[in-house]
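The following exercises ask the reader to work through one structure step by step. Please examine the sequence and the model before reading each solution.

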Amino acid sequence: MSGRSEVAALPSSAALRAFLLDGVAPVGLTDILRAFGRPVRDKARLKAILHDMALSGALLDLPAARLKHP
């Protein structure tokens, strides 16, 4: 067997939204990945998920400046 039994998925949009609504301190992509125990190599995939969430309006009610700008 290989060393990797299964590739863990990124958190769902609902889990990301709950995480972002729960706090008030600014967080960046790396902070979010760390909170969910994901490696930095998932940064592009996370960015795409957050972009889709922003386009759908799911991030409109976040606390001010919750997401750090790159």
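**Exercise 1.** Determine which residues Leu 33 is in contact with, leaving aside its neighbours within four places in sequence.

*Solution.* Contact means heavy atoms within 4.5 Å. On this basis, the partners of Leu 33 are Leu 10, Arg 38, Pro 39, Val 40, Asp 42, Lys 43 and Leu 46. The model is predicted, so that local features need pLDDT of at least 70, side-chain atom pairs count only at pLDDT 80 or more, and totals for chains, interfaces and linings use all residues. Residues are numbered from 1 along each chain as its sequence is written, and side-chain values use heavy atoms, with hydrogens and water left out.

**Exercise 2.** Identify the largest nonpolar core and the element that gives its largest share.

*Solution.* A nonpolar core is a set of buried (under 20% relative accessible area, 1.4 Å probe, protein chains only) Ala, Val, Leu, Ile, Met, Phe, Trp, Tyr and Cys residues joined through side-chain atoms within 4.5 Å. The largest one has 12 residues, among them Leu 10, Leu 33 and Leu 46. H1, helix H2 (29–35) and H3 each give two or more residues to this core. The largest share, 3 residues, comes from H3.

**Exercise 3.** State how helix H1 (residues 13–22) and helix H3 (residues 43–56) pack.

*Solution.* Helices are DSSP runs (H or I, at least four residues), numbered from the N terminus. The angle between H1 and H3 is about 80°, and their axes, lines fitted to C-alpha atoms over the stretch in contact, are 11 Å apart. H1 is therefore roughly perpendicular (65 to 115 degrees) to H3. H1 contributes Ser 13, Leu 16, Arg 17 and Leu 20 to the contact, and H3 contributes Leu 46, Ile 49, Leu 50 and Met 53.

Technical notes. Axes fitted to C-alpha atoms, helices over the stretch in contact; angles between N-to-C directions. Parallel < 35°, antiparallel > 145°, perpendicular 65-115°, else oblique. Buried < 20%, exposed > 50% of the residue type's maximum accessible area, 1.4 Å probe, protein only.
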